[in-house]
Amino acid sequence: MIDEAGLPATGGVEVVPPAGAVEIVEELAHEDVAHRHPENRLLIVLDVDGTVLLEDESLSPGIVEAVAEAQRAGHEIMLATGRSWEATVGVMRVLDIAPEYAVCSNGAVVMRRDDMDPTHYERFHTETFDASEVLELLRGHLPDARFLVELPDGRRLYTDYLDDWNLHLAARVEFDELAHQPVSRVVVVAPERSEYDFLDLVGRIGLNQVSYAVGWTAWLDIAPQGVDKGSALELVREWLGIDPARVLVMGDGRNDLGMFAWARRHGGRAIAMAQGPREVHDAADEVTLTVEEGGVAAVLRALDRERGA
């Protein structure tokens with residue numbers, strides 16, 4: 001006779017169908033591999049617009065499932081974007097990721113997850129510069145442009161409204177008020193001009209004391225000198241303790257050139273989206289499918305196959 005009083009307490013038993021059991025076993029196996037082989041962990045960095053999101057703000061096909069699988073394999077998935085934090089956090093929620101860090105404003109801002117509240121992030125690292133000179137220079141050449149500056153605390157000041165600007169924590173001001181204090185970045189939009197007009201302009205006037213990126217639409221993003229996605233990601237990599245060669249970055253625009261160069265310089269991988277301009281393709285190690293075709297998902301699924309090979 002069994003003395004049940006002497007047995008340890010037991011929990012409930014959950015019965016799952018065979019397909020569910022297979023999925024659970026696979027997840028446990030992946031987690032165990034990641035635990036036993038931390039050297040296989042990658043820092044995977046995704047640009048947002050044109051990489052994660054299509055032009056209409058819908059998600060690239062298959063990306064949510066592929067990101068979830070990469071996380072189960074033990075990889076760190078994070079975003080590095082030209083967007084402000086307020087326009088980035090929603091993308092993280094849709095992807096169902098909560099990385100320790102997020103790079104925003106083209107590298108001028110690094111957000112860090114709160115250890116006590118994983119749903120909350122704080123401004124952990126912010127770069128600033130005196131934008132008065134560059135603002136006056138650009139207004140002289142682009143008198144009809146619309147200007148926005150981002151302040152170190154995340155507030156933004158702008159001269160004229162634009163439909164596609166996220167203006168949460170923003171206030172409309174006169175142009176002269178934009179440079180009353182140091183800023184993290186300057187955004188210049190001239191809807192009547194093309195990206196090639198902007199490229200020609202910066203080539204003619206010189207922007208030697210700042211970093212800049214020209215977007216595929218008619219905008220110019222200006223950051224402190226030496227600051228871009230790559231400079232911010234090097235800080236993140238060091239904080240996470242990830243080997244430089246264990247980095248994979250994906251993007252589609254000229255503002256991704258800095259992180260491409262950073263990744264390749266240290267032995268990592270830089271992958272461009274197929275719809276990006278030629279100079280972005282040339283700066284990458286390889287080119288994946290377009291964002292509409294699910295380029296990120298294709299790369300992440302290939303990682304899974306490589307691990308199983």
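Predicted model: local features only at pLDDT ≥ 70, side-chain atom pairs only at ≥ 80, totals over all residues.
V103 has V110 as its bridge partner in β4. Strand β3 covers residues 101–104 and strand β4 covers residues 109–113. The two pair in the antiparallel sense, over four bridges. Four residues lie between the strands of this hairpin. In it, S105 takes a positive phi near 50°.

Follow β4 to its next partner. Strand β5, residues 121–126, runs antiparallel to β4, and five bridges join them. Here R113 stands opposite Y121 of β5.

Now turn to the parallel sheet. Five strands form an open sheet in the order β2-β1-β12-β13-β14, and the pairing is parallel. Its edge strands are β2 (76–79) and β14 (286–287), each of which pairs on one side only. Further in, strand β1 (residues 43–46) runs parallel to strand β12 (residues 247–251). Four bridges join these two strands.

Helix α7, residues 257–265, lies across β1, β12 and β13 (269–272). Its direction is at about 155° to β12.

Next comes a pair of helices. Helix α4 (residues 132–141) packs with helix α5 (residues 195–205) at an angle of about 120°, and their axes are 12 Å apart. That angle makes α4 oblique to α5. The crossing of the two helices is right-handed. Which residues meet there? From α4 come L137, L138 and H141, and from α5 come L201, R204 and I205. By class, the contact of α4 with α5 holds four nonpolar residues, one polar and one charged.

Charge pairing is the last stop. Side chains of opposite charge can pair when their charged atoms come close. With a cut-off of 4 Å between side-chain nitrogen and carboxyl oxygen, the count comes to 22 salt bridges. One of them joins the side chains of R185 and D221, at 2.8 Å from N to O. Where do the two residues sit? R185 is in strand β9 (residues 185–189), while D221 is in strand β11 (residues 219–224). They are 36 residues apart, and the pair links distant parts of the chain.

Technical notes: Residues numbered from 1 in each chain as written. Heavy atoms only, no water. Pairing = 2+ DSSP bridges. Contact = heavy atoms within 4.5 Å. Axes fitted to C-alpha atoms, helices over the stretch in contact; angles between N-to-C directions. Parallel < 35°, antiparallel > 145°, perpendicular 65-115°, else oblique. Left-handed = near helix turned anticlockwise from the far one by under 90°. Nonpolar A, V, L, I, M, F, W, Y, C, P; charged D, E, K, R; others polar.
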